[in-house]
Amino acid sequence: MQSRFSFLRRWEGLLLILLVFVVVYNALSTPGYLTTANWINLFQLSIEKIIVALIMTFIIINAEIDLSVASVMGLSACTMGFLYMGGMPMEWAALMGLLAGVAAGLFNSFWIGVVGLPSLVVTLSGLIGYRGLAYLLVEDRSIGNFPAWFNRLGQQPLIGPFPLAMIVFFVLLVFAIIILQYSGFGRYVYVIGNSKDVARYAGVRVQRTKMILFVASSTVAALAGLLYAARLGAVRGDIATGFELDIITMVLLGGVSIFGGSGSLWGVLLSVLIILNLRNGMGLANLSGHVQTGVIGVLLILSVLAPNLASSVRASWNRHRARTLEAGKTG
Amino acid sequence: MFKQSLKGLSLLLIFSVLLAACAPAVAPAPQAAAPEAAATEAPAEAPAAEGEGVPMVLMPKFLGILVFDQAYQGALEAHNEIGNPAQLQFLGPTPENSVAGQIEILTNATTQGVKAIMISNNAGDQIAPAAKAAREAGMTVVTWDSPIPSAEGEQVFVAQVDFDETGTVMADMARSILGEDGGKFAVLSASPDAANQNAWIAALQRVLEQPEYANLELLEIVYGNDQSEDSYNQALALVDKYPDMELIMAPTTVGIAAAAKAMQDEGLCDQVKVSGLGLPAEMLEFTLNGCAPEFALWSFVDLGYLAYHVAYKLATGELQGVEGETFEAGRMGSYTIEKDPTREAGLRVLMGPFTVYDASNVEAAAQ
Amino acid sequence: MNAIRRRFQPEQVRELVLIALIIGIIIFFGTQIENYFSPRTFTRISTSVAVVAIVAVGQTLVILTRNIDLSVGSIVGFTAYVVGTYLAANNDLPPALAVLAAVGIGAVMGAFNGMVVAYGRVPAIIVTLGTLAIYRTLLVEISGARSVLTSALPRWLVNLPPVNVFSIGAIDIRLLFAVAVLVVIVFQLIVTYSAWGRRLYAIGSNPDAARIAGFPAQRIVFTAFVLSGALAGLAGFVFLARFGNITVVAGQGIELQSVAAAVVGGVNINGGIGSPFGAFLGALLVDIIDNSLIRWLAISEFLRNALLGLLILLAVATDTVIMNRLRKLWSRHELQVATGQAPTEKGKGHRAV
């Protein structure tokens, strides 16, 4: 336990150093980077993904996965657009969009918690199915012309320079950190992620915890979908397609183990900041989209590989030293 | 304790070396571009003085597709002819991240002080807020190939062809392939979200209502999502679903090629023909062997060339971007900014015309 | 009945449950779609499943070791493009060499994954999520936006898809489908009868125990990734033959399709359970549903994906419920008989040790 904990501390330290490196590099090499407007942009351009990354952290620490989040984002945005087009007031349409997300979450939870199917299968079906539902609603239309207040929420600053989505992100971040790192529920999430059986023997209600998490996941995703719709001012069937892999990448780079039980929101927060700043810096340096994803791919691998290699080198060095010491003693 | 931090430091060193080693290795070209981008930053603050040049960006729907590269060739040709001392960047997102990526590039361009951007819009109206923000920051926003449907945030759309004419051209090709007594056909489109394809298909449907096309029957519209696999399977499914179908009309380069290959593989070319919008190089084989006897397209090189002229002239104030203005676009001659009949609020510059390819001219165009 | 119980384990009849499900689905669509029971339907589905089936076999090998390979989609695209470009420039390259090149390129890409996973001890999902992006980036960078063109490819390749190996009555067995079936059979035999195959299961069911037992676990995991890459390379060649025109988006999404095929086919994502044949049935199941839905006149274009997701979920749920029943039946029976002798479920893996 002790060693695992120190490993984590080291990981987050590593991420922090990397972040500083990226920020300094950008600041020195890219004009226009160190402006308030750019920093707001840098968050705004991916704000929906990082909101969902918060709840995805819970899911992955719990040793599960939710591949359906991007499709749920699409479903909620399209539900809202469809109802608004049908004449429903925007407030109610948005609420129904959110409820569509809750419904998707309950559906996922049922198959995972009650029937006991693996979350990978359930949410993979959800990835296809919820996207299908979104298309069923909007078909080949693009629905826009939302009320001005709605677009303003997505596109204009709300408090100071901060738009609504950023405020939502920071509020959720604080909540998530309190719940995951400092509450009993958070401890259950880790315990279950470490070993379902141990958790069950210890009296943790494993299924219930999982079901709560999957409903929460879809609900947050639905909220993110609505925010995305407000930022773009229009919805289409393909809205948010493919976001799931970016979101999972953020969580994994944050040091959350895909096998569950370890990782923290601090790490995820750092990884989010690294990815956003890296993308922004590369974008401002006019690197193409492919190179950006490629570099993040390299970073993802290196961030785990480098510490592992270092520890291997250290271990072999220690072995070597032990052997020479041994030799010295006997000799 | 000291040792611990020493280890941390060495790790950081390894990391930064690795990172530094990777970044330029993956993309050597933009490294050279960086100082120039920095140099153009200075005039961005001062009002664009004459002779300082206009930094411009050409943005395709996504990278890796031949026609967009052809458009870049055309834009580069205009760039060199005009002698704009600033840089012309060709920046695009990845195919799987097209919508978010286009918005990101547009927003970053605003931050960088780029003066004019030319967008082949793949995000529909979703790009409008970012385009409006760019306009407010003083950037010239021109669309080409695919417009912003609401025209919000866009000054002028450089249209490859008249979107209504696309419907007529497709209907005419269908009539020419099916013969005077007409027949049944289906449309294999890109994705349901593709604004261009949707507009063209809508135009086709309007044309079909006219009496002289009464013997053409459109059975169904299906989507292949611009993926070879989906398009190939959809084409065969159409054949199975409608035994009396004689033609598949695919207004997308990926769809038409995949459908033609499917008909060829299954030996169906005598029974079902393929037509639509395609690239001569990709369609060569199928046109010569009769699977796709006729298809149409326009020149993407010319489109890029014209888009550059429009964007440059708007950015330098030579054009104001109002209806009725006339200008000279280098080797392509004289054009007029006019109301876009297919979009209420939009202005357009119409390039045209279509080239219809068949066995007689496809080989020359495929080179 | 007892003899049957003793002879088979629930895990072994899993494939039978899947086959029953597939037959049920076919019968259902047969009542809905005109002319469904025809040799044509067989040809359509068998040719369209080939690419994913080949990739899914490799994916299964990797998942059996409790890993995952998400980079396969990019490997398929990369090999299809590179081999296609080379063939377009060198039309007289012998076909065998072209296939070998595709498999070789795939194997090298898989070897990189395997090296970092097995020897660098980096979780497979991180490595392959990374290489999914890296291999695609490489492809875009080297392509310079040029496509592989059908007209430039050698004739034998363009004319490959309709080639029949043999026909059973009116049913044609196409070469590309036969290749996929051959791959499935070969790897099914390997994982069932070879020592390497049994160790694959042992590592997946209990990596620590396998290590303690002295298996060269790293080498086995490495080999699984190399094979997955090589099979993705082979699939890339099939992809090239089938579509001719290859752009940089080729093969996108195959990674999720292959994972779906494997898990629908009963391959446990936590390793140790499943088989290449099961994954093949999974791929077939998904493809049959997909290809039938696009031929079902009652279903609109827009309803299709919603139904596809639901049907996949229902198929897996049915499979799971039946399997759970069977397991209960078996274990109750085992309790009744002598407790000591009956091999437990776990025992299968241990016997391999």
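Biologist: How many helices and strands has chain B?

Modeller: In this predicted model, chain B has 12 helices and 14 strands.

Biologist: What percentage of its residues count as buried?

Modeller: Chain B has 367 residues, of which 57% count as buried. Among contacts in chain B with a separation of 6 or more, 71% are between residues 24 or more positions apart.

Biologist: In what order do the 8 strands of the open sheet in chain B run?

Modeller: The order is β2-β1-β3-β4-β5-β13-β12-β11 of chain B, with mixed pairing. The edge strands, each pairing on one side only, are β2 (88-90) and β11 (326-328) of chain B. On average, neighbouring strands in this sheet are turned by 25° against each other, direction ignored.

Biologist: Are β3 and β4 of chain B parallel or antiparallel?

Modeller: Strands β3 (residues 116-119) and β4 (residues 140-144) of chain B run parallel and are joined by 4 bridges. Within that pairing, Met118(B) has Val142(B) as its bridge partner in β4(B).

Biologist: Which strands does helix α11 of chain B lie across?

Modeller: Helix α11 (residues 300-315) of chain B lies across β1, β3, β4, β5 (156-159), β11 and β13 (347-350) of chain B. Relative to β4(B), α11(B) runs at about 160°.

Biologist: And α3(B), what does that lie across?

Modeller: Helix α3(B) lies across β1 (56-59) and β2 of chain B, and runs at about 175° to β2(B).

Biologist: Changing topic: how many residues does each chain give to the contact of chain B with chain C?

Modeller: Chain B gives 27 residues and chain C gives 26 residues. On the side of chain B, the elements that give two or more residues are α3 (66-82), β7 (216-223), α8 (228-241), α9 (253-265) and α10 (280-288). The largest share, 8 residues, comes from α8(B).

Biologist: What is the make-up of that side by class?

Modeller: The side of chain B that touches chain C has 13 nonpolar, 5 polar and 9 charged residues.

Biologist: Over to chain C. How far does helix α8 reach there?

Modeller: Helix α8 (residues 175-193) of chain C has 19 residues and reaches 27 Å from its first C-alpha to its last, close to the 27 Å expected at 1.5 Å a residue.

Biologist: Which residues of α8(C) are buried?

Modeller: The buried residues include Leu176(C), Phe177(C), Val183(C), Phe187(C) and Val191(C).

Biologist: What covers the buried residues of α8(C)?

Modeller: The cover includes α3 (39-64), β2 (171-174), α9 (195-205), α11 (217-243) and α13 (276-293) of chain C.

Methods
Residues numbered from 1 in each chain as written. Chains lettered and ligands numbered in written order. Predicted model: local features only at pLDDT ≥ 70, side-chain atom pairs only at ≥ 80, totals over all residues. Expected span 1.5 Å × (residues − 1). Buried ≥ 20, exposed ≤ 12 C-beta atoms within 10 Å, placed from the backbone. Contact = placed C-beta atoms within 7 Å. Nonpolar A, V, L, I, M, F, W, Y, C, P; charged D, E, K, R; others polar. Pairing = 2+ DSSP bridges. Axes fitted to C-alpha atoms, helices over the stretch in contact; angles between N-to-C directions.
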